[in-house]
Amino acid sequence: MKQRLVLAFLPLFCFAHLLHAQVKLDYYLPKGTSYNSAVPTPEAFFGFQVGEWHLRPDQIDAYLYALAGASNRLKIERIGKTYEERPLLLVTISSPDNLKNIESIKAQHKDLTNPQKSKSLPIESMPIVVWMGYSVHGDEPSGVNAVPMVAYYLAAAQGEEIDTWLKNSVILLDPHINPDGIARFAHWANIHKGKHIVADPQNREHNQPFPAGRFNHYWFDLNRDWLPLQHIESQARLAKFHEWMPNILTDHHEQGTNATFFFQPGVPSRNHPLTPKRTIELTEAIGKFHAKALDDIGSLYFTKENYDDFYFGKGSTYPDLQGCIGILFEQASSRGHAQESANGVLTFPFTIRNQVATSFSTLRAAQALRKDLLAHQRDFFTSALSDAEKSNVKTYVFGSSTDAAKNFHFVELLRRHEIDVYELTKDLKAGGEEFKAGKAFAVPTNQPQQRLITAIFEKRTTFQDSLFYDISAWTMPLAFGLPYAELTAKLDGKRVEAAQFPKGEVIGGKASYAYIFEWNTYYAPRALSRLQKAGVRAKVALQPFEITTSVGQKKFDYGTVMVAVGQQRLSPDSLLALMERTARQDGLDIFSVATGLSSFGLGSSNFETVAQPRVAMLAGVGVTPMDAGEIWHLLDQRVDMELTILELTQLGRANLSRYTTLVMPGGNYNSLDSASTANLRRYAEQGGTIVAMTGAVEWLMSRRIVSEKIKRPKEDTSRTRAAFENIEEDTRAQSITGAIFETTIDRSHPLCFGYDDNKLAIFRSSTTFLEPSRNAYSTPVQYTQKPLLSGFITKKNEDQLKNTAAAVVSRVGSGRAILMTDNPNFRAFWYGTNKLFLNSIFFGALTTRGSTAQLPSNDDAH
């Protein structure tokens, strides 16, 4: 039975009068407070009251700088920037005396995380550090619009309470976690505001176009990036987080319009087992202060339901593994200036007020629990070392002997999390893997970040609960596609201070006949793209071969790229310069050869010319923005390749012959009309390659563009009686929210070029189960009989999943559709499966190579 804690009953519709009336300062801030008159109020600065318009990040920044100029309680630091070049700011707020000594306060506070120093620290007199972050989702605007009020109060309020806060606290204000998304949504909401505020949910203001304001520039959810750290915003923020190591971090969000207000703790059974009990106790203690603040203003709220603290990649959960208390706030969203809700008309000012109130209740809790919170952080890191001593796992070792680039990115990730890493100085065999000195790394668990290390490396398949707010598994070495093992002994090596990008080179100097590089390095696709953009003609090996190089006989695998010197328009010197630049910038070795005499000759039909990809991706309402954004980010940022983003509504009249590949990200394509469907079918029949993922796979089948089959579960005829209250939980438990599974791959298939092993870990969050192709050669990736590696899946779904296809190539006329039931680019940290997707782009035309007369056709599906 769900337990909803509701201690106030004043309905939201009591605030409907705010639709047209201007609110005053004391609507947001404590009544009876006196202020420093030299500090400008938000209304005086903006020319309107907070809540009348949606503030842009640049407006908020300007106001914060004005406050810093008028008050000696604030310092502003630019800590980074977004993809759209917007600044990321961190505002440090404390007493003037503390700000004069802020560096020494910071250094002393950081020593709380060092077990060698923390025991002697005077926590009785140390300030507490509170980090308050607002609106990681750009279309959850009440948080970021609360910032001017919170900052004004802290800069200008007078009185004993504020003096105590400033003396005993260092407050770090993270005013806009996602400026690009916030700016996008503010523009949308403001251009739809008229003289009359329209609360009708069907009003255009409340229905954003694709991709909406939630996401960053590349349509990623930054609230899932605290652990993966794949974006510049997250990297900048976490660097400053680790510099300060706060005791409390608040994360101000919004939820559905018909909800009320949520604060943590979440569902008790869905805390991660690595989270200490004391963290949960302190979260509950802090929650009592939020309850009182919301009681005082008559706002409805709930706690201990819906949300959880399981995935450590979220802004309110990552701190739990840093001796910090992460607090999630979720305010019902007006998603504009006002909107009708189940609780009456929900106004923008009302949503802002709740965020202001809980900002202040956080600071009150920090004062009351200051010593407890400081002691908790000290004890958290001390106990991490004792936990490491008790653990059977003393070291994690990982590393690819062939892909130094993936090693680099994983080491880089670990170092960003302040995890100590050591390079192996001796070869090692462990866990059925071979680890080479200089190409593998060790992570001892006996260090302060022991719990985070465990969270990153462990495989977990048993759980207290079957429901998850986010993914249930994220085992990072599997995601990066790196061999790894657990050791029961500590392993020594050479300490790594900073990850070093691999130094590629042209081995053998200027080639007289050809240049050759392998496809088993992460940036090989970028290298090929770089060469093709320079006009280089390249071929790919369909079979392994052996050839003499300057370092002797060398074997090359499927997917090796060959550039014949005599086929190029570039001069030999220019070609060498290009090859040297490619090797250096893409971190791979390129071999020069002086002969075409190999196992079968470099002029063999076992080499196929690789056409330069021209890629388009469908996007628009129905497409999942994150799936599309992951593709855009991968091609634009990592492969350095141009991508055309085609609006769904243009598909029916678009000239698709311009593209070698058309990508359909996950989503719902039922809005496509007959003209769009016909154009898509015609594109494939005339030789194009469609790459379809998750929901797009089923749409292609429903329109009979492909004739593959979905594996359907047997109907449950038992009709076992169940309690009505469990219907939501039982239904959600049958979904796959995100787990990791084992597949076998056909390494000789172009879709699998570049993989060294015939086993591949794949992330899955869908319940689309695809039958293997009727063509024995067209299922290059297939789930194993016992597929679960890490995460949660019901027995019913696991039985469905075993031996099904993860990828199928389906011939359509002269072209093909490459079907993937899963997302190989998930959240940008699945480096291990990016190559499946990239192979579909570079080698898609080769996947139906051979005599088409011998292949089953999909023509009968038309």
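Lys539 has Met562 of strand 24 as its bridge partner. Strand 21 (residues 539-541) and strand 24 run antiparallel and are joined by two bridges; strands count as paired if DSSP finds at least two bridges between them. Strands (E, at least two residues) and helices (H or I, at least four) are DSSP runs numbered from the N terminus. The model is predicted: local features need pLDDT of at least 70, side-chain atom pairs count only at pLDDT 80 or more, and totals for chains, interfaces and linings use all residues. Residues are numbered from 1 along each chain as its sequence is written, and side-chain values use heavy atoms, with hydrogens and water left out.

Met562 also stands opposite Ile516. Strand 20 (residues 514-517) pairs with strand 24 over four bridges in the antiparallel sense. Strand 24 (residues 561-564) is covered on both faces, with Val561 and Val563 buried on one side and Met562 and Ala564 buried on the other. Buried means under 20% relative accessible area, exposed over 50%, and partly exposed in between, with a 1.4 Å probe and protein chains only.

Another part of the model holds an open sheet of five strands in the order 17-12-16-13-18, with antiparallel pairing. Strand 17 (484-487) and strand 18 (494-496) are at the edges with a single partner strand each, so one side of each has no neighbour in the sheet. Within this sheet, strand 12 (residues 395-398) and strand 16 (residues 441-444) are joined by four bridges and run antiparallel. Thr395 has Pro444 in strand 16 as its bridge partner.
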